[in-house]
Amino acid sequence: MIVVGGSGRPVHSEYIPTRIGFRDAKPGVRQLMDFASRWLGMLISNQAKLTIESLEPNRHQFFPAEIFQRNDAPETWNADAGAFDPPEGTKFQDRKIADYWMFNICARLDTMDRARSVGPLRGRGFYIPSMADPVDRNLVLSDAAIDGAQVWVDSWVMGMFFSDALVAQIQADGLTGLRLTHVDAV
């Protein structure tokens, strides 16, 4: 399984889904956000793509994805079926609701400042902040290692990282859906 965006490396487009169905993508149930994390990666709107590209052009991959409303009756839902297995008779093409992008971050950096970071290292040195006691954790990144990158995946820390400049532009553009946790960089 490919999880788009998580490795910091380019991926081949033939493994990226091009049509994604949301059962709850109906007015009043789900509002489509500019940034939507899904189990298969991050979906972003065209405006989010333009914002990212304005600060870091031609660095990351954006794969077109059509979003469809799956409004099949709940009694036909099969919990054991795959995410792309619609019930018999469901026609995605009749309920297209948006064009989005699968966002794949193509910057893999080692930005953790090991001298200033406090928290558990698991396995081969992976820093996993969610496993630490909140009092005993403090992730610090190195500005020198970030070296002007706007969005990246760290080699040793789980998650996607966005620069202060990119976050400021996302907020100025009024984009929605990005859940942020501040991390210091020195």
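Colleague: Where is His182 found?

Modeller: His182 lies in the loop between H3 and strand E12 (184-185). Helices (H or I, at least four residues) and strands (E, at least two) are DSSP runs, numbered from the N terminus. This is a predicted model, in which local features need pLDDT of at least 70, side-chain atom pairs count only at pLDDT 80 or more, and totals for chains, interfaces and linings use all residues. Residues are numbered from 1 along each chain as its sequence is written, and side-chain values use heavy atoms, with hydrogens and water left out.

Colleague: Is His182 buried or exposed?

Modeller: His182 is exposed, with a relative accessible area of 59%. Buried means under 20% relative accessible area, exposed over 50%, and partly exposed in between, with a 1.4 Å probe and protein chains only.

Colleague: And which side chain does the side chain of His182 make a polar contact with?

Modeller: The partner is the side chain of Asp184, at 3.0 Å. A polar contact is a pair of N or O atoms within 3.5 Å; within protein, one must be able to donate a hydrogen and the other to accept it, and residues adjacent in sequence count only if both atoms are side-chain atoms.

Colleague: Let us turn to H3. Which residues of helix H3 are buried?

Modeller: In helix H3 (residues 164-172), the buried residues are Leu166, Val167 and Ile170. They cover an arc of only 100 degrees around the axis, so they lie on the same side of H3; the arc is that of the directions from the helix axis to the C-beta atoms. An α-helix has 3.6 residues a turn, so residues three or four places apart point the same way.

Colleague: What is on the other side of H3, then?

Modeller: Asp164, Gln171 and Ala172 are there, and they are exposed. The buried residues of H3 are covered by elements including E2, H1, strand E10 (151-154) and strand E11 (160-162). After H3 comes Gly174, whose phi is positive, near 70 degrees.

Colleague: How many residues has the largest nonpolar core?

Modeller: That core has 26 residues, and those with the most contacts inside it are Phe35, Ile44, Ile52, Phe103, Val151, Trp152 and Phe162. E3, H1, E5, E10, E11 and H3 each give two or more residues to this core. A nonpolar core is a set of buried Ala, Val, Leu, Ile, Met, Phe, Trp, Tyr and Cys residues joined through side-chain atoms within 4.5 Å. A second, separate core of 12 residues includes Val11, Ile20, Ala65 and Met102.

Colleague: What is Phe162 in contact with?

Modeller: Neighbours within four places in sequence aside, Phe162 contacts Phe35, Gln150, Val151, Trp152, Val167, Ile170 and Leu178. Contact means heavy atoms within 4.5 Å.

Colleague: New topic: the open sheet. What order do its 5 strands have?

Modeller: The order is E1-E4-E5-E3-E2, with mixed pairing. Two strands pair if DSSP finds at least two bridges between them. Strand E1 (19-22) and strand E2 (35-38) are the edge strands, each pairing on one side only.

Colleague: In what sense do strand E3 and strand E5 pair?

Modeller: Strand E3 (residues 41-44) and strand E5 (residues 96-104) are antiparallel, over 3 bridges. Leu43 has Met102 in E5 as its bridge partner. Helix H1 (residues 46-55) packs on the sheet, touching E2, E3, strand E4 (61-69) and E5, and its direction makes about 100 degrees with that of E3. Axes are lines fitted to C-alpha atoms, for helices over the stretch in contact, and angles run from 0 to 180 degrees between N-to-C directions.

Colleague: Why does Phe68 count as buried?

Modeller: Phe68 counts as buried because its relative accessibility is 3%. Phe68 has its place in strand E4.

Colleague: Where is Asp113, and is Asp113 buried or exposed?

Modeller: Asp113 sits in the loop between strand E6 (108-109) and strand E7 (121-122). Asp113 is buried, with a relative accessible area of 11%. The side chain of Asp113 makes a polar contact with that of Arg116, at 2.7 Å. Not counting residues up to four places away in sequence, Asp113 touches Val140, Leu141, Ser142 and Val186.

Colleague: Last one: what is phi of Asn58?

Modeller: Phi of Asn58 is near 60 degrees, a positive value in a residue other than glycine. Most residues other than glycine have a negative phi. Asn58 lies in the loop between H1 and E4 and is exposed, with a relative accessible area of 74%. Asp147 also has a positive phi, near 50 degrees.
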